[in-house]
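The sequence and the model are shown first, and the description follows.

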Amino acid sequence: MEPTGVFVDFYTDQLAYVPLLELSLNEIQSPEKAVQLNEIREFLVVGNYDGEHDIFFSHCSSETLKDSDRLYEVTLDLASKKCGHSISREDLIVHTKIRDVHGSGVSATIQWFLCSQEHPPTVYFSIRKLEMRKAWERVRQLQTEDVTVYGKILKKTSRGALVKIEGLRGTVLTYVDKHREELIVGEEFPLNIIKVREDCNHVVLLNRSVSIRLRQLQVGQLVSGTIRRIKDYGVFVDIGDLYALLPTSKMFHPSVDHPNQFFKINHHLKANIIKIDPENGQVVLESCESSA
């Protein structure tokens, strides 16, 4: 064991070196926090990809992704230019990662590295990536079973809060949460996982009370609430544990220039629910009348 990592005997002529960063999913200052001398552990064997050889496509059709020959053709051309000499397809390893899905297709990253006699692949061991793999399996299970989880608030932002769940970083959607000010950095709160995107390294959560309230609502339901925020694009209405949005385009007043012409903070109103988006914690209203 060394301050910067450990050497592992896996019964070959050479020892494998595992750097400190790869010893745990958590941030640790010394190897002793994660492993012990002579301990037998499972490791994930990781390739030598260094992250420098990325090709990012902001718009890529599903047909293009299915055409592996086309992907290799583009990647070979760019890899040859970067290396300064022609590269054969047999010497190239290509990984495709979907980053986002949108109406016009997907965003994807093509990762490549060389694997030949002149460029033999190297490997290293990792506990962190093994724990991360298990953590993703765990959060998917927690989402499927609708289990309440407790996440420690790491940081608050204008539209959310960063938390750590099962060792993974997640985002709590708080811009619709009327209890957002109660979230205190360093404290744990009950949450529900609403979206898991391992390919984007993204876990999205909602305050448990907001999640419960969402399930009580239905499209077409008439709700009453109190106006809490007024923006040029609409008003946010407190309907119990969460804020619903009444867009300017869905108001009774078609010629409205700004909602503050007709609505005031703390005024009450009734409106119909026209959309519920559980994955983003959003409720959209229409046809509203205000009263003091």
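How many salt bridges does a search of the whole structure find? The search finds 10 salt bridges, a salt bridge being a side-chain nitrogen of Lys or Arg within 4 Å of a carboxyl oxygen of Asp or Glu. The structure is a predicted model, in which local features need pLDDT of at least 70 and side-chain atom pairs count only at pLDDT 80 or more, while totals for chains, interfaces and linings use all residues. Residues are numbered from 1 along each chain as its sequence is written, and side-chain values use heavy atoms, with hydrogens and water left out.

**The chain as a whole**

The chain contains four helices and 17 strands; helices (H or I, at least four residues) and strands (E, at least two) are DSSP runs, numbered from the N terminus. Of its 292 residues, 38% count as buried, where buried means under 20% relative accessible area, exposed means over 50%, and partly exposed lies in between (1.4 Å probe, protein chains only). The accessible surface comes to about 17,000 Å², and 49% of this belongs to carbon and sulfur atoms. These areas come from the Shrake-Rupley method with a 1.4 Å probe, and for residues only the protein chains shown count as cover. Among contacts between residues at least 6 apart in sequence, 59% join residues at least 24 apart; a contact means heavy atoms within 4.5 Å.

**Salt bridges**

| Pair | Closest N to O distance |
|---|---|
| Arg-41 and Glu-39 | 3.6 Å |
| Arg-215 and Asp-146 | 2.7 Å |

The pair of Arg-215 and Asp-146 links distant parts of the chain, 69 residues apart: Arg-215 belongs to helix α4, and Asp-146 to the loop between α3 (128–144) and β8 (149–156). Arg-215 is partly exposed at 47% relative accessibility, and Asp-146 is partly exposed at 31%. Asp-146 also has a positive phi of about 55°, although it is not a glycine. Most residues other than glycine have a negative phi.

Asp-77 and Lys-81, by contrast, both lie in helix α2 (residues 68–83), four residues apart, or about one turn of the helix. Lys-81 is exposed, with a relative accessible area of 61%, whereas Asp-77 is partly exposed at 39%. In the remaining pair of the table, Arg-41 is partly exposed at 28% and Glu-39 is partly exposed at 37%. Elsewhere, salt bridges that share partners join Glu-22, Arg-128 and Lys-129 into one network.

**Strand β12 and its partners**

Strand β12 (residues 202–207) is mostly covered, with five of its six residues buried. Strands count as paired if DSSP finds at least two bridges between them. Strand β11 (residues 188–197) runs antiparallel to β12 and is joined to it by six bridges; Val-196 has Val-203 in β12 as its bridge partner. The two strands form a hairpin with four residues between them, and Asn-201 in the turn has a positive phi of about 55°. Strand β10 (residues 168–173) runs parallel to β12, with two bridges joining them, and Thr-171 stands opposite Val-204.

**Nonpolar cores and a surface patch**

A nonpolar core is a set of buried Ala, Val, Leu, Ile, Met, Phe, Trp, Tyr and Cys residues joined through side-chain atoms within 4.5 Å. The largest core has 24 residues, and those with the most contacts inside it are Val-235, Ile-239, Phe-263, Val-283 and Leu-285. Several elements each supply at least two of its residues, including β12, α4 (208–215) and β17 (282–291). The most is given by β16, with three residues. Apart from this core lies another of 19 residues, among them Ala-135, Ile-153, Phe-189 and Val-196.

On the surface, Phe-7, Leu-15 and Tyr-17 form a nonpolar patch with about 290 Å² of accessible area together. Patches are made of residues with over 30% relative accessible area and no salt bridge; like charges are joined within 9 Å, and nonpolar side chains (Val, Leu, Ile, Met, Phe, Trp, Tyr) within 5 Å. Phe-7 is placed in strand β1 (residues 5–8) and is partly exposed, with a relative accessible area of 45%.
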